[in-house]
Amino acid sequence: PLSLHDALPILAIIYFGYKIADKLSGIKAAKTIGFLLGLLWFMPMMSVRNLIEFSCIPPLMYATWLVVKNEGKDKLIPFLYVGLLLGLGFNIRFQTVTFIGGFGLAMLILKRWKESILIVFGFLIVTVIVQACTDMIVWKKPFMELTEYIRYNMENANTYGVQKWYNYLLLIAGIMVPPISLFIIFGYGYIIFKDWKKYLILFLPAFLFFVSHSSFPNKQERFILPAIPFIITLGYIGWMEFQNKSLFWQRNTKLLRGCWIFFWILNCIPLVVVSVSY
């Protein structure tokens, strides 16, 4: 049977995705995003697998929610927690450094200097405790695991899993199930042009993470998992903004409804199979 420990990752992802969407776009978008994050065919299966690419998502989403939640407020302490959470995400999955770099860059572009300092401080606290202290105890040398991990990945960048630069774009378009996946990808780009300041903290980290992984030769499918909940959340918000202003979709509501019916039918077929697979 599924234990609470097994269920926590997917529940946390649904919860924070819902809260972010509700804050930025309203309850209607939040409900659909909650269903997508919980019932997209591979999400329940991935949540109970021992994958660091999935385990790092909840702290990253929690950190994002804290920034969105405290937008326009004078509170600074929550941003220390943001740094701690980003540090936790990094120490679970080192490749999230590009996501965290995008996070910090977004804060600097938005000129949130004090908050940025607290985020860096919190990040360094967790990293030093987890990496430096632990490695000193085990290996008698600080940051041994991190440096060896970087060395191994650089030396084996072209050893296995080498794919074209657009591989992850095709992968996301496929596993998120068309045509809704195409709507979400479109919305992800559309919304940032509409109001880039409002959505920058949700866009830039996942975008830089996606670009960096697309640039790296080794492209195993699981590597891109941390970006998917952010793409779904912001992408659907963007799609809703576009859809509500599109004369075409206002005139073709039956076509839109048909797209969603087709999506859910197609999605539920592998969902039923993989959710009970060993």
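This is a predicted model: local features need pLDDT of at least 70, side-chain atom pairs count only at pLDDT 80 or more; totals for chains, interfaces and linings use all residues.

Helices here are DSSP runs of H or I with at least four residues, while strands are runs of E with at least two, and both are numbered from the N terminus. Residues are numbered from 1 along each chain as its sequence is written, and side-chain values use heavy atoms, with hydrogens and water left out.

Val130 has 35% relative accessibility, so it counts as partly exposed. Its C-alpha atom is separated by 23 Å from that of Phe209, which lies 79 residues away along the chain.

Tyr190 belongs to helix 11 and is partly exposed, because its relative accessibility is 23%. Both residues also belong to a cluster joined by ring pairs, made up of Phe183, Phe186, Tyr190, Trp239, Phe242, Phe248 and Trp249.

What makes a ring pair? Rings of Phe, Tyr and Trp (for Trp, its six-membered ring) pair if their centres lie within 6.5 Å; planes under 30 degrees apart are stacked, those over 60 are edge-to-face, and the rest are tilted. The structure has 23 such aromatic pairs. One of them joins Phe94 and Tyr149 edge-to-face, with 5.2 Å from centre to centre and 70 degrees between the planes. This pair links distant parts of the chain, 55 residues apart: Phe94 sits in the loop between helix 6 and helix 7 (97-109), and Tyr149 in helix 9 (residues 144-155). Phe94 counts as buried, because its relative accessibility is 9%, whereas Tyr149, at 26%, counts as partly exposed.

Tyr188 and Phe203 make a further pair, with ring centres 5.1 Å apart and planes at 35 degrees, so this one is tilted. Tyr188 is in helix 11 (residues 180-194) and Phe203 in helix 12 (residues 196-215), so the pair ties together parts 15 residues apart in sequence. Tyr188 is buried, with a relative accessible area of 10%, and Phe203 is buried as well, at 12%.

Now for the charges. How many salt bridges does a search of the whole structure find? It finds seven, where a salt bridge means a side-chain nitrogen of Lys or Arg within 4 Å of a carboxyl oxygen of Asp or Glu. Arg112 counts as buried because its relative accessibility is 10%, and Glu115 is buried with a relative accessible area of 12%.

Over in helix 9, Glu148 and Arg151 are three residues apart, which means about one helical turn separates them. They form a salt bridge whose closest N and O atoms are 3.0 Å apart. Glu148 is partly exposed at 33% relative accessibility, and Arg151 is partly exposed at 37%. Elsewhere, salt bridges link Glu53, Arg93 and Arg222 in a network.

Patches are made of residues with over 30% relative accessible area and no salt bridge, where like charges are joined within 9 Å and nonpolar side chains (Val, Leu, Ile, Met, Phe, Trp, Tyr) within 5 Å. Accessible areas come from the Shrake-Rupley method with a 1.4 Å probe, and for residues only the protein chains shown count as cover. Ile261, Phe262, Ile265, Leu266 and Ile269 make a nonpolar surface patch of about 470 Å². Among them, Ile265 is in helix 15 (residues 253-274), and it counts as exposed because its relative accessibility is 54%.

Definitions and conventions. Buried means under 20% relative accessible area, exposed over 50%, partly exposed in between (1.4 Å probe, protein chains only).
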